[in-house]
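Student: Please walk me through one part of this model closely. Then link it to the rest, in short steps.

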Amino acid sequence: MIHLEYVERSTSVQTVPVVCMHCHSPTCADVCPADAIKRSGDGRVMTARKPRCIACSNCVLACPFGVPKMMTEFDLMMKCDMCYDRTSTGRKPMCASVCPSGALYYGPRAEVEAMRVRSRPTNSFRFGEQTITTKVNMMVPRENLDTHIDVTAAMNERPAAGLIALNVLLDGPVPMEEAS
Amino acid sequence: MTPPLSEAPREYPDHKPLQEQPHWVQDFPTDVPDDDHVARREFVKFLVLTSGAFVAGQCWIAAAGALREKGPFPRKQLATVAELESRRVVEFRYPDEHEPCLALCLGPGRFVAYGQKCSHLACAVVPHLDKGELHCPCHNGFFEVHEGRPVAGPPRRPLPLVKLEIIDAVVYATGFEPRTV
């Protein structure tokens with residue numbers, strides 16, 4: 001299940017698609033009190049299991065990427081599971097197969113690296129003290145050598161007018177280190 | 001603790017493997033291949049559905065028994081008395097093509113006939129008239145030949161009885177009686 005989020009709703013109509021990043025250490029599953037969120041053997045984090053989910057929204061609050069959505073009409077947390085029904089039979093996820101601009105891409109790493117010569121994929125994200133590695137990668141400029149994307153570094157910044165990029169790749173001071 | 005079964009085992013926030021995690025984490029693994037935990041709700045659903053299926057099956061068996069054809073049965077010619085006495089055993093199908101039966105000669109003028117389906121799981125029983133028994137080879141069930149009652153093995157009910165009638169030295173089947181006791 002994919003959803004769109006507004007980047008800066010008060011000033012812009014720009015949206016970004018949000019798909020699950022499929023963390024190697026899924027926080028949503030760690031906080032689930034009902035053991036409802038499961039990972040497939042090849043590392044895809046699934047929608048909560050209907051018989052187990054108690055609709056407590058812990059995962060919605062815990063996910064650093066804001067992926068899980070509480071569907072109150074079903075009393076069930078639903079999220080992107082990389083279209084498990086399609087990818088388990090060798091097809092691309094629906095979002096990647098219909099994306100006209102290639103913003104969402106599904107395929108071998110070497111293929112996307114050859115397609116986007118100025119970018120490289122990275123799958124390490126830092127939220128304060130928590131570093132998360134994911135199955136889904138984001139493309140960052142190739143000349144940038146940072147090992148991770150510091151998401152919270154830009155949390156309180158607002159992009160200057162007309163700019164859509166935030167300096168999340170600059171290795172700023174880690175807030176926790178600063179405090180100690 | 002067996003090693004994780006999934007191709008890409010999940011990581012934990014403390015970067016230790018599953019074997020070194022506390023027991024409450026090991027008991028509820030996140031990866032589906034490692035998860036053999038049956039949740040209470042799934043277990044209760046399984047119990048309710050299977051017991052419901054058993055109830056429905058029993059009702060169906062009772063209804064099928066009540067609706068079973070109880071006659072009148074056709075009269076079917078099996079063999080002449082002389083033929084049956086010389087052959088000792090005659091196979092036939094009665095009352096329809098799906099019920100194999102056996103007519104047995106136990107001595108001069110003493111004829112019995114039973115359905116051939118074992119009352120246990122409907123294998124075909126084999127007559128051994130010299131030993132006075134009918135043997136079901138599937139699970140070693142034994143029936144005695146005089147009444148068709150079980151004497152050994154898993155069958156608990158006697159074989160169905162086929163009523164015979166002798167008119168002018170010809171043996172006819174005239175009735176079929178499934179028996180429970």
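**A charged patch and what lies beyond**

Tutor: A:Lys50, B:Arg40, B:Arg41 and B:Lys45 form a positive surface patch. The model is predicted: local features need pLDDT of at least 70, side-chain atom pairs count only at pLDDT 80 or more, and totals for chains, interfaces and linings use all residues. Residues are numbered from 1 along each chain as its sequence is written, chains are lettered from A and ligands numbered from 1 in the order in which they are written, and side-chain values use heavy atoms, with hydrogens and water left out.

What makes a patch? Its residues have over 30% relative accessible area and no salt bridge; like charges are joined within 9 Å, and nonpolar side chains (Val, Leu, Ile, Met, Phe, Trp, Tyr) within 5 Å. Areas come from the Shrake-Rupley method with a 1.4 Å probe, and for residues only the protein chains shown count as cover. A salt bridge puts a side-chain nitrogen of Lys or Arg within 4 Å of a carboxyl oxygen of Asp or Glu. Lys and Arg count as positive, Asp and Glu as negative; His and the chain ends are not counted. A charge is placed at NZ of Lys, CZ of Arg, CG of Asp or CD of Glu.

Take B:Arg40. This residue sits in helix 2 (residues 40-67) of chain B. Helices (H or I, at least four residues) and strands (E, at least two) are DSSP runs, numbered from the N terminus. B:Arg40 is exposed, at 72% relative accessible area. Exposed means over 50%, buried under 20%, and partly exposed in between (1.4 Å probe, protein chains only).

Elsewhere in chain B, the peptide bond from B:Tyr94 to B:Pro95 is cis, with omega near -5°. B:Pro95 lies in the loop between strand 2 (89-93) and strand 3 (100-107) of chain B.

Now chain A. A:Met82 is in the loop between strand 4 (76-78) and helix 3 (84-87) of chain A. A:Cys83 is in the loop between strand 4 and helix 3 of chain A too. A:Met82 is buried, at 11%. A:Cys83 is partly exposed, at 22%.

Last, a sheet. Three strands of chain A form an open, mixed sheet in the order 6-5-7. Strand 6 (130-141) and strand 7 (149-150) of chain A are at the edges, each with a single partner, so one side of each has no neighbour in the sheet. Strands pair if DSSP finds at least two bridges between them. Strand 5 (residues 119-127) and strand 7 of chain A pair in the parallel sense over two bridges.
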